[in-house]
Amino acid sequence: MTLRTTFIGLAAATGLGVPALAQEVAVITPYLAQPGTQFYVDGFTARAEELGWDLNVIDTAGDVAAVISRMEDVVNQGVDAIVINVDPAQIGAGLQTAEDAGIPVVGMDAGSDPLVAANVTSNGYAMAAETAVYVANRIGGEGNVVMFTFDPFPPVQARGVIADAVFGNFPDIQVLDRITPDVSDGGIADSRAQMEALLAANPEEGSIDAVWAAWDQPALGALQAIEAAGRADEGIVITGIDANPQAREAIAAGGNFEASVAQDFEGIGQTAADTVARILEGEEIVQRVIYVPTTLVTVANADAE
Amino acid sequence: MMQVARRFGGVAGMLAVIAFFAINLPETFLTPRNLLNISQQISMLTVVAATMTVVMVMGDFDLSVGSMASLSGVVAAILFTQDWSVPAAVGVALAVGLAGGLFNGIVVSVVGILPFVATLATLTVFSGLAFVVSDGRTIFGRDIPPGFGDFARGGPVIGMADERALVLPNLTLVAIAVVLVIWIVLEQTSYGRRLYAIGGNRDAARLAGIPVVPLRLSAFAFTGVGAALAGLMYASRVASANPTQGDGLMLTAIAAVFLGMTLTRDGQPKVLATLAGVAVLGVLDNGLTQMRVDSYVREVLVGAIILFAVGLSALGRRGAARRR
């Protein structure tokens with residue numbers, strides 16, 4: 001027996017240097033191929049490695065029923081926690097299986113459900129407030145604002161409600177129109193068409209002061225319409241939300257599109273991992289929705305990332 | 001020797017897969033709870049693959065089953081949003097499956113378009129209809145009646161394990177019923193024997209007085225209704241419906257039938273062999289997930305195993321033919 005093996009044997013006998021059985025955590029998503037999801041998972045994985053977890057990332061390639069099947073499998077396998085990135089309303093059967101086995105489920109931008117211990121996401125109310133206030137301040141609290149909203153989709157509907165409240169709090173701001181674009185082709189083309197119609201209906205310079213969009217695509221459509229109409233120099237302020245690459249580019253160019261809000265996808269992944277860690281340590285999570293701070297993107301920081 | 005390998009190679013392979021997982025996952029694989037789990041996970045695929053067997057007996061295909069499953073799910077869900085009762089909406093969705101299946105039958109059998117081309121076209125049609133009907137949206141939440149979503153979560157309790165009830169899932173019961181019906185149709189009726197005769201030699205069957213055109217037409221009704229039923233089972237399991245959710249069923253169902261054909265004496269599609277094929281695919285998904293094999297590697301492995309099994313069976317058959 002060499003010195004080395006003796007030492008290892010000693011360490012094992014005394015429990016020194018031999019980690020306790022690693023915690024097993026499964027991340028299950030149908031959407032791994034989408035860029036946003038990859039950032040969540042990257043953030044989660046980095047934190048999980050620091051915590052020494054045995055991590056299993058499972059992608060079901062768009063199949064939601066398979067998410068339920070894989071949840072059943074990992075429950076059977078006896079994992080310590082499950083992280084999901086899919087609407088909990090669609091995987092009730094899987095959540096119930098985990099609940100029955102006493103395995104906690106944490107949502108990574110998933111949605112709230114009584115069977116989800118906590119959902120980690122961005123605060124849509126705060127993001128909408130940030131851009132709406134940006135618009136109001138930028139136009140000095142008075143003028144005509146065009147809103148692009150989409151009430152059929154609850155997370156976006158919430159953004160619209162907040163913008164309504166902010167603009168309603170400025171007596172000299174009028175909401176000229178509250179447009180719901182057709183989003184079947186992504187939302188840019190129809191938003192552009194609707195904005196073109198609105199520009200035609202309001203031909204005088206200065207009759208439109210700002211465009212507030214509940215996400216980036218309508219903001220980009222409105223930008224195209226304003227530029228095509230030759231009214232880019234009227235100082236119409238445009239804001240979006242999400243700060244997708246195309247929006248960042250437009251903001252960095254320094255035109256009418258002035259601001260958007262970036263979600264911290266990696267931060268959501270990291271915080272989801274931290275939340276799992278808290279639950280595994282036995283903490284009862286009372287705050288069932290955990291928000292990760294977002295960043296206002298303007299020409300000052302649009303090039304970052 | 002080759003004879004034995006050909007006849008029992010497939011069965012041995014399947015047992016080897018099960019033994020492999022049983023050894024590697026001693027605590028969790030061969031438990032009643034896990035086996036019931038697998039039976040529920042494969043129930044939708046079982047229904048599609050069992051009905052697919054009916055047309056594959058004649059050497060035909062139905063590529064439209066996946067999009068039909070999606071279509072039937074959104075049809076039922078849309079009717080739910082119009083306050084239809086669960087039985088009525090399910091009835092309409094199944095009727096859509098029957099109509100789609102008969103339409104496939106007409107274009108393949110009466111018009112005479114190759115099944116591959118005809119059902120590829122109807123795949124696109126059904127998929128488009130699913131988007132039209134649903135407006136591209138996912139229908140979920142309060143729009144889906146609780147009774148419909150609860151069906152897939154429930155089932156008769158058949159025992160206890162680890163102080164938790166063991167449930168025989170309703171979806172498993174539906175799948176068993178479908179396999180039983182298809183087994184009776186194919187193996188116990190003259191209808192089924194005629195389908196096999198058509199598959200053996202269509203011209204000979206026609207000369208022997210078998211009404212080939214109406215029989216081929218009617219067989220597609222099975223795949224249509226089976227696909228619609230599977231789509232409803234899927235919608236119940238996820239308590240929601242979207243216009244693409246059943247699409248993945250088609251290729252896997254055909255793979256399962258082929259996998260099953262490696263088990264039968266003369267390489268004919270048989271519904272119980274198809275069931276074994278489905279079970280192997282389900283076991284692979286379940287076992288590899290539990291062993292924490294990467295999901296993409298899992299897909300590669302499953303495809304490779306299908307190729308290996310079918311390839312082995314083809315080689316064995318060729319060896320047998322040479323000796324004859």
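Contact here means heavy atoms within 4.5 Å of each other. Helices (H or I, at least four residues) and strands (E, at least two) are DSSP runs, numbered from the N terminus. This is a predicted model, in which local features need pLDDT of at least 70 and side-chain atom pairs count only at pLDDT 80 or more, while totals for chains, interfaces and linings use all residues. Residues are numbered from 1 along each chain as its sequence is written, chains are lettered from A and ligands numbered from 1 in the order in which they are written, and side-chain values use heavy atoms, with hydrogens and water left out.

View 1. Two strands pair if DSSP finds at least two bridges between them.

**View 2. Another open sheet of six strands in chain A has mixed pairing.** This time the order is β7-β6-β8-β9-β10-β12. The edges belong to β7 (172–179) and β12 (295–297) of chain A; each has a single partner strand, so one side of each has no neighbour in the sheet. Ignoring direction, neighbouring strands are turned by 20° against each other on average. Strand β8 (residues 210–213) of chain A pairs with β9(A) in the parallel sense over three bridges, and V211(A) stands opposite I238(A) in β9(A). Helix α9(A) packs on this sheet, touching β10 (257–262) and β12 of chain A, and its direction makes about 140° with that of β10(A).

**View 3. D242(A) sits in a loop of chain A.** The loop runs between β9 (237–239) and α9 (245–252). D242(A) has a positive phi of about 110°, although this residue is not a glycine. Is D242(A) buried, exposed or partly exposed? With a relative accessible area of 25%, D242(A) is partly exposed (buried means under 20% relative accessible area, exposed over 50% and partly exposed in between, using a 1.4 Å probe and protein chains only).

**View 4. The second largest pocket holds about 920 Å³ of space.** A pocket is an open set of points on a 1 Å grid over the protein atoms alone, where a 1.4 Å probe fits, with protein on both sides within 12 Å along at least five of seven lines; lining residues have an atom within 4 Å of a point. Grid points are joined across faces, edges and corners, and the volume is the space filled by probe spheres set on them. Of the 32 lining residues, D63(A), A66(A), G248(B), T252(B) and D285(B) are the closest to the pocket's centre. Two or more residues come from each of α3 of chain A and α3 (43–56), α12 (249–261), α13 (271–290) and α14 (295–323) of chain B. Which element gives the most to the lining? That's α14(B), with five residues.

**View 5. Strands β2 and β3 of chain B form a hairpin.** Four bridges join β2 (residues 157–161) to β3 (residues 164–167), and the two strands run antiparallel. G159(B) has L166(B) as its bridge partner in β3(B). Two residues lie between the strands, and D162(B) in the turn has a positive phi of about 50°.

**View 6. R292(B) lies in the loop between α13 and α14 of chain B.** R292(B) isn't a glycine, yet its phi is positive, at about 60°. R292(B) counts as partly exposed, at 32% relative accessibility.

How values were computed. Axes are lines fitted to C-alpha atoms, for helices over the stretch in contact, and angles run from 0 to 180 degrees between N-to-C directions.
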